[in-house]
Amino acid sequence: MSVIGIDLGTTSSVVAVIRAGGIDIVVNEVSNRRTPSVLGFTDKLRTIGESGFTGRQRNTKNTVSGVKRLLGRKFSDPLLKGELTRLGGCNWVELADGSVGVEVSLRNKKHTFSTQQLAAMLISHLRETCEKYTKTRASNIVLSVPGYYSDSQRRALLDACKIANITCLQLINDLSACALFYGFYRETDKIDSKVMFVDIGSSDTSVAIAHFTPGQCQMLAYSYDANLGGYDIDQILADYFADRLEKKIGFDARSNARAWQRIMDAVEKVKKTLNENERASINIECINEDKDMNDTITRGDYLELLNKSGLLEKIAVPIKAALADANLDASQIEFVEWIGSAMRALPFQEGVSRAVGKPLSSTLNAEETVAKGCSLACALVSPLIKLGKKYKLIDIQPTPISLTWRTLNDPNDIKETGIELFPKKQHFGKTKFVTITRKDARPFEFSVSYSQPNENPIPDISNGNVAVGRVNSITKTENTTPDAEIRLKIKIEPSGVTNVTEVELVEKKEVEVEVPLPPAPQPTPAPAAPAADASAPAPATPAPETKDVEMKDTKEEPKTRKEKQIKTFYTKVPCQVTYKELPNAEIEKGISLLQSLQKDDQYSIDTLHAKNKLEATALRVRDDLVGAWSGFSTDGESEKISSLSMEIEDWLYNEGDDETKEVYEAKIAALAALTDPIQKRSFEWENVPPALTTLRNYLTATRADITNSGDKYSHIDKADMDKVIAKLDEAENWLAPFVPQHEKLTKTSTPVFNSSDLQQRYQNVSKFCQQVLSKPKPAPPPAPKEEPAPAPAGAQQTPEQKTQTPAPDAKPQSQNTDKMEDIVD
């Protein structure tokens with residue numbers, strides 16, 4: 001299993017995975033490191049990623065992109081209306097809860113999908129791409145989100161992960177992920193610096209300032225422009241070319257979704273060309289019927305268009321806001337790092353540099369840094385992997401959060417009370433307890449919401465509300481006082497969502513408890529006796545006096561005493577808390593739908609493969625009849641195969657163009673029934689002779705070896721040798737009746753032998769014989785050592801005898817002397 005990080009982008013997404021060698025970027029089916037965030041729906045299957053991007057110009061009305069911009073937003077949002085046209089030419093609809101949905105045609109049926117379902121399809125596709133790349137199951141993920149995402153938008157993305165049936169350990173702000181990656185791979189023991197990160201993507205601009213200290217990164221400030229990005233440059237260029245095209249041929253490309261999409265795709269290349277060249281051209285064939293679009297633009301005209309639009313001046317606004325929010329001056333920023341695909345445009349880089357007043361640093365990969373930071377965040381919180389060092393990221397809540405409450409069902413008490421629960425820049429992971437005194441234990445409802453919802457860059461579907469809770473009744477265990485105290489436990493999760501985790505009744509009761517007694521005073525020791533004179537005689541020791549002692553029962557003194565104290569007790573109160581998220585029933589329905597769509601897609605893919613296989617087989621067999629299979633088929637067989645293959649080919653290009661998998665497989669089987677016998681003859685004609693020769697040669701050679709071996713196998717038991725000879729006889733007897741038939745075969749005859757059977761027979765016989773005949777001969781017994789004859793009495797010993805005969809008083813020499821010396825050396 002693997003942990004992955006996903007940078008879910010508006011136009012493209014990047015997946016990173018932690019592996020033993022570091023962080024890898026996952027490549028997709030066409031070896032690209034970025035996967036288009038595009039979903040297409042056709043009459044056969046869904047096309048997601050590269051396939052959806054490739055077909056969107058031909059399938060504009062059923063292609064969706066930029067799902068990230070739609071999550072948790074209201075369909076009635078005026079800002080959203082202008083975006084929908086560039087996110088797909090499909091039919092956008094308002095769902096029952098006021099959110100955005102899309103109506104598309106899939107397999108010739110109308111379907112309406114929510115943004116959570118669309119995001120789940122994209123996340124599921126990215127996970128499958130990662131699993132194919134790593135060959136392991138992707139179990140845990142961390143997803144990036146814009147820092148301005150509200151609670152509702154974050155919960156919508158978490159719901160999408162649930163529908164995709166994948167565990168999302170955490171959501172992380174995109175620039176927080178960038179800062180985490182930046183700090184993790186630097187020498188943090190010497191760092192104490194403040195760094196600004198600027199991210200200009202296709203649709204939004206984000207600015208963050210982070211403070212790096214040893215082993216830690218703390219985010220200081222965020223600022224955003226949710227409607228400023230690379231798409232604005234594309235829009236300016238597309239309008240420029242569309243106006244010139246209309247003057248030339250009188251065709252307004254904006255009125256045609258497909259033509260407009262082709263222009264938008266083309267200006268992306270124009271923008272990149274103008275970064276390095278003084279002139280760029282655009283060429284689109286058949287933009288309107290048979291009329292082409294051919295035009296050019298100079299870099300001077302390009303910069304003039306940007307200056308007139310005021311686009312470059314807008315970049316300075318979020319930069320100055322972030323500096324002010326962090327109470328910093330630009331001179332206190334050590335580095336300005338930039339990421340985001342749109343930041344590759346030189347006018348944007350120059351605009352950021354002017355706003356900060358210093359050159360930009362380009363040490364980070366513009367498209368991959370966020371995904372790598374997400375994978376690091378996933379590794380830090382996942383139990384499946386352990387990093388080599390610890391690192392802490394402290395993220396902050398960009399807007400304050402308030403808590404309000406009021407009495408339920410009492411027209412005489414409509415007062416609403418509120419407090420600021422979490423201030424701006426509150427650290428993620430913070431928990432607060434709030435105690436509310438309810439007069440006469442009246443039921444109440446409470447609301448957790450953003451204090452300044454109008455300051456959010458993008459209005460969300462909940463109008464700034466985070467959670468709503470209702471306490472319908474308060475039951476006290478003791479009625480000592482009429483009022484009741486209710487304690488709420490509220491936490492900002494690391495993902496940036498706020499949860500009410502506990503609602504409890506607080507009661508103080510007098511209870512009897514045991515407390516330890518103070519220790520008894522210790523007796524004062526008696527004063528020491530004066531030292532005795534050493535010269536004086538020792539006094540006589542009196543004899544011990546023996547008395548009868550009356551034994552009494554002794555009781556252990558108590559160590560504790562009972563005391564009345566006031567203690568606080570917490571009792572859970574039934575409370576219904578609702579968030580802007582999908583209910584469990586909708587999640588289960590979404591999971592079932594996604595699984596059904598995946599199953600249908602796989603069936604469509606299998607059907608396409610069966611169709612392609614049938615077509616390839618029908619074309620191949622006719623060539624094989626006059627090629628590889630020449631001479632192996634009779635005239636009647638060749639005629640039947642040729643006739644059937646031509647019939648299938650004609651059928652495929654007419655009424656058989658759209659059939660089921662089963663129909664294609666049935667025709668493949670029918671064709672195989674005619675061609676398999678011929679293919680078998682051809683194959684066995686080539687492979688049987690060498691296999692037969694190998695087996696017969698082995699049998700002959702092994703029998704001759706045994707017969708003429710002499711004493712070569714004399715050490716082997718006769719019973720074992722008899723088994724070897726029986727094995728050889730068995731193989732020869734199996735071959736004998738079929739060899740004459742095989743020698744009379746023609747190319748059109750049914751083979752007598754299968755080459756696979758001959759090869760298997762050879763392997764079995766050779767293995768059995770080798771096991772017996774390869775037994776080694778036993779080693780000969782060692783020759784006895786000859787002892788030297790003793791010398792006669794009085795005879796002179798030879799030098800050799802002197803060396804060998806030790807002196808009677810000599811100590812025996814240790815046998816391990818040489819070995820010990822070797823060890824010492």
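A crossing of two helices is called left-handed if the near helix is turned anticlockwise from the far one by less than a right angle. That description applies to helices H15 and H18 in this predicted model, whose crossing is left-handed. Helix H15 spans residues 661–707 and helix H18 spans residues 755–773, and their axes come within 8 Å of each other while crossing at roughly 20 degrees. Since angles under 35 degrees count as roughly parallel, H15 and H18 are therefore described as roughly parallel to each other.

The residues that bring these two helices together can be followed along each of them. On the H15 side, the contact includes Phe-683, Glu-684, Asn-687, Val-688, Ala-691 and Leu-692, and it also includes Thr-694, Leu-695, Tyr-698, Leu-699 and Thr-702. Sorted by class, the contact of H15 with H18 has twelve nonpolar residues, six polar residues and two charged ones.

Helix H15 also takes part in a second pairing, with helix H13. The axis of H13, a helix of residues 584–625, comes within 9 Å of that of H15, and the two cross at roughly 30 degrees. That angle makes H13 roughly parallel to H15, and the crossing of H13 and H15 is left-handed. In H13 the residues of this contact are Tyr-603, Asp-606, Thr-607, Ala-610, Lys-611, Lys-613, Leu-614, Thr-617, Ala-618 and Val-621, which meet Lys-661, Glu-662, Tyr-664, Glu-665, Lys-667, Ile-668, Leu-671 and Thr-675 in H15. By class, the contact of H13 with H15 divides into eight nonpolar, three polar and seven charged residues.

These helices belong to a protein whose secondary structure comes to 20 helices and 28 strands. Of its 825 residues, 45% are buried. Among contacts between residues at least 6 apart in sequence, 71% join residues at least 24 apart. Several individual residues illustrate how separate parts of the sequence come together.

Ser-495 sits in the loop between strand S25 (484–492) and strand S26 (498–516), and with a relative accessible area of 9% it is buried. When residues up to four places away in sequence are not counted, Ser-495 touches Arg-154, Leu-169, Gln-170 and Leu-171. With Leu-171 there is a polar approach as well, for a polar atom of the Ser-495 side chain lies 3.0 Å from the backbone nitrogen of Leu-171.

Another buried serine, Ser-152, has a relative accessible area of 2% and is found in helix H4, which covers residues 151–163. Leaving aside neighbours within four places in sequence, Ser-152 is in contact with Asp-460, Ile-461, Ser-462, Asn-465 and Lys-580. Asn-463 lies in the loop between strand S23 (444–450) and strand S24 (465–471), and its phi is near 55 degrees, a positive value in a residue other than glycine.

Gln-261, in helix H7 (residues 257–276), is buried with a relative accessible area of 16%. Not counting residues up to four places away in sequence, Gln-261 touches Arg-56 and Gln-57. Between Gln-261 and Arg-58 the C-alpha to C-alpha distance is 9.8 Å, although the two are 203 residues apart in sequence.

Pro-398 belongs to the loop between strand S19 (392–394) and strand S20 (401–407), and at 23% relative accessibility this proline counts as partly exposed. Pro-398 touches Gly-147 and Lys-424, again not counting residues up to four places away in sequence. Pro-398 and Leu-220 are 178 residues apart in sequence, while their C-alpha atoms are 9.8 Å apart in space.

Two further places concern backbone geometry after a helix. In helix H11 (residues 346–356), the buried residues are Pro-347, Phe-348, Gln-349, Gly-351, Val-352, Ala-355 and Val-356, and the helix is followed by Gly-357, whose phi is positive, near 85 degrees. Lys-135 lies in the loop between helix H3 (115–134) and strand S11 (138–145), and it has a positive phi of about 60 degrees although it is not a glycine. With a relative accessible area of 70%, Lys-135 is exposed.

Key. Residues numbered from 1 in each chain as written. Predicted model: local features only at pLDDT ≥ 70, side-chain atom pairs only at ≥ 80, totals over all residues. Heavy atoms only, no water. Axes fitted to C-alpha atoms, helices over the stretch in contact; angles between N-to-C directions. Helix = DSSP H or I, 4+ residues; strand = E, 2+ residues; numbered from the N terminus. Parallel < 35°, antiparallel > 145°, perpendicular 65-115°, else oblique. Contact = heavy atoms within 4.5 Å. Nonpolar A, V, L, I, M, F, W, Y, C, P; charged D, E, K, R; others polar. Buried < 20%, exposed > 50% of the residue type's maximum accessible area, 1.4 Å probe, protein only. Polar contact = N/O pair within 3.5 Å; in protein donor to acceptor, adjacent residues only side chain to side chain.
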